[in-house]
Amino acid sequence: MTALDGIERLETTALWRPEADAQRRDVYVAIGEAELVIQDRTGTALSHWSLPALVRRNPGTLPAVYAPARKAEEELEIAEPEMVAALDRVMKAVEQGRRRPGSLRRVTVGLIAGFLVGSALVWLPNALRDHARNVMPAATRMEIGDRMLTELTALTGPPCATFTGTEALEQLKTRVLPTTPLRLAVLRDLPQPAMALPGGLVVLSDGPLVTQDDPDVTAGHLLSATLAALSDPPLDRFLEGIGTMGLLRLLASGHVDDAAITAHVEGLLLAPPTGLDPDTLRAGFDAAHLAWHPWAEATGQPQGEVTPSEMVPSLDDTAWQALRGICDA
């Protein structure tokens, strides 16, 4: 049903004035299709008013006075209640139709705002992580790694250290990764053979030192963890876990809450170590001139064709035995 349903044939007498100073005259008014037709006694059309533009100048009063527009001088006075009610009905329907675009605009603005907020929630953490990573000084990265190491030592005890063992550990690093700035530590009973932390810190477990009689296995764990850290940086993994508010605090103060460090270390201990595919790893072993097969056999990696190795051992026997005894002090 529309606003014109049932009133298309209404007509009545009225008083019409074409302009402000003109004499009012008797006319007939009829509702046509989307227009109000004003006629003289002979049926000659004197004026056509658009119904959507119709304005009532004295709401609630009879006779009703209408105009074809708000600032128009032309005026029409109608006393017939049924015609007045019909025209008011039309104007009410038009007014409701005018409100809808505003409502639609509000809904549209709300949807756009919601989309922008949702996009910001998705985009902002990534942008904050990228910015934090780019502006974080090396000292802060090392501090975060050291705090994670301290958290680990609460479970494993202090890092292992003997004079000869620490010297052998440095030899191992120089042999396997001579150009990579690394700091190494050995912990007792670490659940993983090797774990990379922010700030260039790699923690080795004493397990392979005790259970494997081949320095190339320990060297392989060191190399594997370092290569995985290059692909998936430990700092990035940490920043992903501290949330937007943690990132904002880090950027504002340069400080990371102890709770965030603890939660991340607990996650590292429970999660499987990050690994690379065997082909990538083997290429890294070849680049480091490190024998692949001892480590592959110890970890269950595909060994491929076994050929006589001409690789120089990662440590001589004296240094290897010193490294194996690093936790004996």
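His264 lies in helix H8 (residues 258–270); helices (H or I, at least four residues) and strands (E, at least two) are DSSP runs, numbered from the N terminus. The model is predicted, so that local features need pLDDT of at least 70 and side-chain atom pairs count only at pLDDT 80 or more, whereas totals for chains, interfaces and linings use all residues. Residues are numbered from 1 along each chain as its sequence is written, and side-chain values use heavy atoms, with hydrogens and water left out.

With a relative accessible area of 14%, His264 is buried (under 20% relative accessible area, with exposed over 50% and partly exposed in between; 1.4 Å probe, protein chains only). Apart from neighbours within four places in sequence, the contacts of His264 are Met148, Arg237 and Phe238, a contact being heavy atoms within 4.5 Å. Phe238 is itself one of the buried residues of helix H6 (residues 234–241), as are Pro234, Leu235, Asp236 and Leu239. Gly243, with a positive phi near 80°, follows H6.

Across the whole structure, 3 aromatic pairs are found. One of them, Phe285 with Trp292, is edge-to-face, at 5.1 Å centre to centre and 85° between the planes. Rings of Phe, Tyr and Trp (its six-membered ring) pair if their centres lie within 6.5 Å; planes under 30 degrees apart count as stacked, over 60 as edge-to-face and the rest as tilted.

Strands E3 (residues 35–39) and E4 (residues 45–50) pair antiparallel over 5 bridges, where pairing requires at least two DSSP bridges between two strands. Leu36 has Trp49 in E4 as its bridge partner.
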